[in-house]
Amino acid sequence: MILSVENLTISNDEQHLFQPINFSVEPGSILTLMGPSGCGKSTLLSAIAGHLSPEFVLKGTVTLDGQSMIDMAPDQRRIGILFQDDLLFPHLNIWENLAFGLPKTIRGNERKKKALETLQQIGLPELANKMPTEISGGQRARVSLMRMLLSKPHAVLLDEPFSKLDKALRCEFRSFVFNQIRQQQIPALMVTHDDDDIPEDGSVLRWPWTDTPQD
């Protein structure tokens, strides 16, 4: 799967948030968009995911593996999003949170089995029956990422997912996220304002995003 954006602009009351932007992200690659607060980074991610607010007007194309996403409903786009907050359901235990991300084609006891296998895979099997409030922030972050990946997204959007973690945990979780993306060969687009978040082998597009991505 290749995520491509061509001549994309977003405007509000005839005012463009940014100049037309163009980029492509290969499977297993991470493209970082750098920019100051308010430049439209999160709005761009919302547009790609299909959650753009009605107050904005989108022009241009967004394609995934050559298929246009523009007229698709958000749930049809198969695009996963990882936010700053883990957004786990507080009334579900950890394996139930993971099972929630699974496709509907997986049913019955198979859902719990898959969730438990995932916890084993990331070395946290002891968390299965705990509630989100009973585990650490780093553990919640890992569970949130794996829940999103269990939905089998064809592309991933990262909306400053490391910004609320302390420095030591941030570095550890960042490596975990990037490794999962590479292993599963998913194209990923990340927005951040921190140069430390840029993966060593990734490309970066710096504000005002008028140039081609730099390696």
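Where is the place of Lys41? Lys41 sits in helix 1, which covers residues 41-49. Before going further, note that this is a predicted model.

I will stay with Lys41 for a moment. Lys41 is buried, yet has no salt bridge. Why does Glu160 not count as its partner? Glu160 is the nearest side chain of opposite charge, but the distance is 4.2 Å, and a salt bridge has to be within 4 Å, so the pair is left out. What Lys41 does have is a backbone oxygen: that of Pro36 lies 3.1 Å from a polar atom of the Lys41 side chain. Setting aside neighbours within four places in sequence, the residues in contact with Lys41 include Leu33, Met34, Val191, Thr192 and Trp209. Glu160 is also one of these contacts.

Now to the charged pairs that do qualify. Side chains of opposite charge can pair when their charged atoms come close. How many salt bridges are there by this rule? The count is 8. I will go through three of them.

Let me start with Asp85 and Lys164. Their side chains form a salt bridge, at 2.9 Å from N to O. This pair links distant parts of the chain, 79 residues apart. Asp85 is in the loop between strand 7 (79-82) and helix 2 (94-100), while Lys164 is in the loop between strand 8 (155-159) and helix 5 (167-184). Asp85 is partly exposed, at 39% relative accessibility. Lys164 is exposed, at 54%.

Next come Arg170 and Asp194. The closest N and O atoms of this salt bridge are 3.2 Å apart. Arg170 belongs to helix 5 and Asp194 to the loop between strand 9 (188-192) and strand 10 (203-206), so the bridge ties together parts 24 residues apart in sequence. Is Arg170 buried or exposed? Arg170 is buried, with a relative accessible area of 13%. Asp194, at 22%, is partly exposed. This pair also belongs to a network of salt bridges, in which Arg170, Arg174, Asp194 and Asp197 are linked.

That leaves Asp195 and Arg206. Their side chains meet in a salt bridge at 2.8 Å, N to O. The two residues are 11 apart, with Asp195 in the loop between strand 9 and strand 10, and Arg206 in strand 10. Both are partly exposed: Asp195 has a relative accessibility of 42%, and Arg206 has 39%.

To go back to the opening residue: Lys41 is buried and has no salt bridge, whereas Arg170 is buried and forms one with Asp194.

Terms used:
Residues numbered from 1 in each chain as written. Predicted model: local features only at pLDDT ≥ 70, side-chain atom pairs only at ≥ 80, totals over all residues. Heavy atoms only, no water. Helix = DSSP H or I, 4+ residues; strand = E, 2+ residues; numbered from the N terminus. Buried < 20%, exposed > 50% of the residue type's maximum accessible area, 1.4 Å probe, protein only. Lys, Arg positive; Asp, Glu negative; His and termini not counted. Polar contact = N/O pair within 3.5 Å; in protein donor to acceptor, adjacent residues only side chain to side chain. Contact = heavy atoms within 4.5 Å.
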